[in-house]
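Colleague: I would like to learn how to read a model like this. Can we go through it feature by feature?

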Amino acid sequence: MSIRNIYIDRGFVDHPETEKLISRLPDAQQRIVSDASEVYAEIEAAEDPVARGKEILFLTANRGAFVRPCPGTREYTCCGYWILHVGSFCTMDCSYCILQAYFHPPVLQYFINGQDLKRELHRALAEGVFRRIGTGEFTDSLIWELWTDRCRWLVDTFGAQHKAVLELKTKTVGIEFLREADHQGKTVMAWSLNTPRIIRSEERGTASLAARLRAAEQCQKWGYPVAFHFDPLVIYPDCDAEYREVVRNLFSRIPPDSIAWISLGSFRFMPALKALIQKRFPESKIVYGEFVPGLDGKMRYFRPLRLKLYQAVVEEIRRAAPDATIYFCMEDEGIWNRCLGIRPSQEGGLDRMLDRRVKDLCGLDP
Ligand code: SF4
């Protein structure tokens with residue numbers, strides 16, 4: 001999707017960050033707005049509000065917390081992640097994207113009050129508590145770097161401290177700015193991976209699998225730790241074989257000892273997302289599997305089906321990387337035990353497991 005309109009919160013018209021963004025989007029029409037409701041009303045009135053929300057870039061302030069703990073769920077094993085809220089929504093268009101139903105309405109927002117973000121981040125980094133912090137929870141981490149330099153600032157800032165690691169999660173390959181960044185191994189570059197079939201049918205506007213793996217290989221050669229997220233794993237005929245092939249592809253390019261972690265999570269969705277997918281992606285078949293409601297209210301594949309696919313992917317990863325740190329997103333300890341032979345609670349918790357791995361990889365004090 002391309003940006004057709006930039007709406008600017010009246011309070012930030014003369015802000016240097018606004019001027020920079022506007023200069024990098026010369027073809028977008030600009031409008032000054034006094035209230036966010038003007039933007040929301042226009043999006044809600046569109047025939048496809050989700051698509052319209054991807055064409056409008058709203059430059060405004062984040063009036064909530066920039067650094068916040070990931071809410072996770074009480075019912076499933078959580079990883080103790082922290083979110084750095086740089087902006088919201090995404091220019092790409094995946095059928096299964098939860099953000100379509102999460103924001104009301106969904107709109108591409110970039111937070112101009114970067115000074116507040118910087119202050120809050122520095123305060124968090126000074127607290128002396130180790131954190132894994134990511135920007136890819138409410139958006140794709142790298143899309144903003146087309147128009148801003150905030151990601152570069154983040155990589156340099158994390159490179160200059162010893163109390164946290166940054167994870168940038170993406171489906172793009174816009175990595176050039178990382179070449180010169182002073183990362184000091186404190187930024188984990190992470191890609192979501194899927195089979196070429198799913199990327200073609202469900203992930204509109206994203207980079208191909210081959211391009212993602214090439215980008216990961218390049219970052220690894222620049223000294224960045226890397227990570228991979230097989231999420232969502234989608235079940236379809238022959239999916240086991242195709243996911244195994246993705247894993248083999250991955251390890252043909254990436255040395256196992258440069259990988260911080262690999263996560264696995266199966267496709268799950270809030271009931272409200274189903275109608276949206278059916279309407280916006282009529283060709284998509286992903287909502288027609290054997291689903292059951294999970295403890296978090298989301299629909300998920302019937303357990304034996306999830307287990308079978310997880311076991312296939314884990315077996316293939318273990319073949320190439322017996323010691324890789326693998327974790328499950330939103331699964332219970334029974335799944336962990338059946339697939340990995342461990343229970344996070346017996347290892348001190350998933351958060352501790354991931355902290356240990358990344359500290360070891362990044363040369364941080366245990
Ligand atoms: S890349 Fe991520 S954030 Fe963007 S549309 Fe796809 S799932 Fe949503």
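This is a predicted model: local features need pLDDT of at least 70, side-chain atom pairs count only at pLDDT 80 or more; totals for chains, interfaces and linings use all residues.

Colleague: Which domains does the assignment give?

Modeller: Domain bounds come from an automatic or database domain assignment. Here they are domain 1 (1-60) and domain 2 (66-107 + 114-362). Their C-alpha centres lie 28 Å apart. The contact (heavy atoms within 4.5 Å) takes 21 residues from domain 1 and 19 residues from domain 2.

Colleague: What area do domain 1 and domain 2 bury between them?

Modeller: The size of an interface is often given as the accessible area lost when the parts come together. The probe is 1.4 Å, and the loss is summed over both parts. Domain 1 and domain 2 bury about 1600 Å², 62% of it on carbon and sulfur atoms.

Colleague: How many salt bridges does the rule find across that interface?

Modeller: The rule wants a side-chain nitrogen of Lys or Arg within 4 Å of a carboxyl oxygen of Asp or Glu. It finds four across the interface.

Colleague: Which residues surround the ligand?

Modeller: Near means a heavy atom within 4 Å. Cys90, Met92, Asp93, Cys94, Tyr96, Cys97, Leu99 and Lys171 surround the ligand.

Notes: Residues are numbered from 1 along each chain as its sequence is written. Side-chain values use heavy atoms; hydrogens and water are left out. Buried area is the accessible area (1.4 Å probe) that two parts lose on being put together, summed over both.
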